[in-house]
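Dear colleague,

Please find below the sequence and structure that I am handing over to you. My notes on the model come directly after it.

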Amino acid sequence: MTAESPRVIPDSDKRRYLLQYILQSRGVCHENSLILGLMHLEMDSGTYDSNWTASDWEKRLGDHIADINVKLSGLNYKVVRCGHGIGRSAVMKKNKQYFNVNRTGNEGEFEISLPESNRFYVYVNLAFSEEAKLATQFKPDEILFVKWCLEKFCTQGNVVKACSADRSLGQVQEEVDRMLADLTGDTDVGLKRYVTFTVGSTELSHFDDLSATEIERVLNKLCELKWFYRGERGEFGMDLRTLVELEEYLVGNFSVPRCQNCSRAVVQGVQCGSDGDGEETGRSWHVDCFQHYITHISKDCDRCGMPLLENGIYML
């Protein structure tokens with residue numbers, strides 16, 4: 001008796017499964033996770049091509065996402081690909097399960113490895129106002145609280161502080177210091193100042209229109225839906241979904257800087273410490289964008305001319 005051949009899965013069904021996976025991931029999904037999901041669909045369909053490179057799979061996934069967006073356009077939604085500000089090395093540490101897969105199938109047993117990536121796909125609402133984007137998941141008083149939190153985050157991001165030798169500032173500092181050490185050969189190199197776009201839970205509990213219990217519930221919900229994140233020390237900050245979906249609101253209302261390299265809003269990376277030409281902040285870069293700049297373009301700020309190793313500021 002011969003084995004039954006795999007059922008070929010139509011591309012339309014593959015796209016539906018991919019979109020479902022994004023939605024089940026609360027609208028934010030690492031690119032490699034989706035590629036692995038697509039690989040499994042191709043294996044189950046009997047159409048997997050072992051000769052494809054990682055670039056082939058990235059392109060194939062991009063083609064599927066483009067077709068998904070055609071369908072979503074009438075609903076005012078879109079799936080957007082973007083890089084995480086903390087950089088691919090830090091992202092990899094958090095998402096190790098998305099870089100390798102072992103599989104036994106019709107083709108035999110094999111292992112697939114995908115390259116490091118800081119890229120995510122984010123399901124965004126294209127509604128014009130920030131209220132409309134939040135209204136499907138939050139009540140009016142909760143939306144006011146979210147906007148109040150965003151103002152707190154962004155106001156805090158304008159306060160420059162001196163680094164302390166006995167205190168680690170987390171992943172961004174570790175990644176930037178690693179890059180500077182690779183560039184200079186000096187393992188003790190580091191920036192002297194920092195800003196942070198995070199606020200402690202105690203300060204966020206002072207919103208007058210919600211009780212402390214309600215605030216805690218809303219903050220937990222915001223983290224669950226990947227609008228906010230909670231740091232290792234209990235502080236809250238803006239997660240990737242906020243930075244993508246509310247980017248224009250953050251830039252327009254709170255002057256959140258745009259990355260000099262990729263032009264997206266940046267709250268994690270490096271900023272030049274000079275305020276030039278009447279601007280509120282100096283040039284800013286995401287972590288990976290900063291590495292590209294100092295490695296391939298210049299170690300000095302292209303606006304003020306100051307050395308970034310001396311005048312740079314960590315953005316946390």
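Predicted model: local features only at pLDDT ≥ 70, side-chain atom pairs only at ≥ 80, totals over all residues.

Residues are numbered from 1 along each chain as its sequence is written, and side-chain values use heavy atoms, with hydrogens and water left out.

**Overall fold**

The protein chain has 13 helices and twelve strands. Helices (H or I, at least four residues) and strands (E, at least two) are DSSP runs, numbered from the N terminus. Of the 316 residues in the protein chain, 47% count as buried; buried means under 20% relative accessible area, exposed over 50%, and partly exposed in between, with a 1.4 Å probe and protein chains only. Among contacts (heavy atoms within 4.5 Å) between residues at least 6 apart in sequence, 68% join residues at least 24 apart.

Helix α9, residues 212-224, has 13 residues and spans 18 Å from its first C-alpha to its last, close to the 18 Å expected at 1.5 Å a residue. The expected span is 1.5 Å times one less than the number of residues in the helix. Buried in α9 are I215, V218, L219 and L222. They cover an arc of only 100° around the axis, which puts them on the same side of α9; the arc is that of the directions from the helix axis to the C-beta atoms. These buried residues of α9 pack against α6 (140-156), α8 (201-204), β8 (228-230) and β9 (236-238). After α9 comes K226, with a positive phi near 65°.

Helix α6, one of the partners of α9, has 17 residues and reaches 25 Å from first C-alpha to last, close to the 24 Å expected at 1.5 Å a residue.

In helix α11 (residues 247-254), the buried residues are E247, Y249, L250, V251 and F254. They pack against α5 (130-135), α6, β9 and α10 (240-245). Helix α11 is followed by S255, which lies in the loop between α11 and β10 (269-272). Phi of S255 is near 55°, a positive value in a residue other than glycine, and S255 is partly exposed, with a relative accessible area of 32%.

N76 also has a positive phi, near 70°, and is a residue other than glycine. N76 is placed in the loop between α3 and β2 (77-83) and is partly exposed, at 37% relative accessible area.

H64 is found in helix α3, residues 54-72, and is buried, with a relative accessible area of 0%. Leaving aside neighbours within four places in sequence, H64 is in contact with D11, K14, R15, L18 and L38.

E175 belongs to helix α7, residues 171-184, and is buried, with a relative accessible area of 3%. With neighbours within four places in sequence left aside, E175 is in contact with I86, S89, A90, K93 and V287. E175 and A90 are 85 residues apart in sequence and 7.3 Å apart in space, C-alpha to C-alpha.

C301 sits in the loop between α12 (287-296) and α13 (308-311) and is buried, with a relative accessible area of 3%. Not counting residues up to four places away in sequence, C301 touches C272, R283, Y293, M306 and L308. C301 and G282 are 19 residues apart in sequence and 8.8 Å apart in space, C-alpha to C-alpha.

The structure holds one cavity of 30 Å³ or more. On a 1 Å grid over the protein atoms alone, a cavity is a set of points where a 1.4 Å probe fits but cannot get out, and lining residues have an atom within 4 Å of a point. Grid points are joined across faces, edges and corners, and a volume is the space filled by probe spheres set on the points. The largest cavity has a volume of about 40 Å³. Its lining consists of F197, T198, Y229, G237, M238, V267, Q268 and L316. By class, the lining has five nonpolar, three polar and no charged residues. Here Ala, Val, Leu, Ile, Met, Phe, Trp, Tyr, Cys and Pro count as nonpolar, Asp, Glu, Lys and Arg as charged, and the others, Gly among them, as polar.

With kind regards

Note on methods:
1 Å grid on protein atoms, 1.4 Å probe; cavity = no way out; pocket = protein on both sides within 12 Å on 5 of 7 lines; lining within 4 Å.
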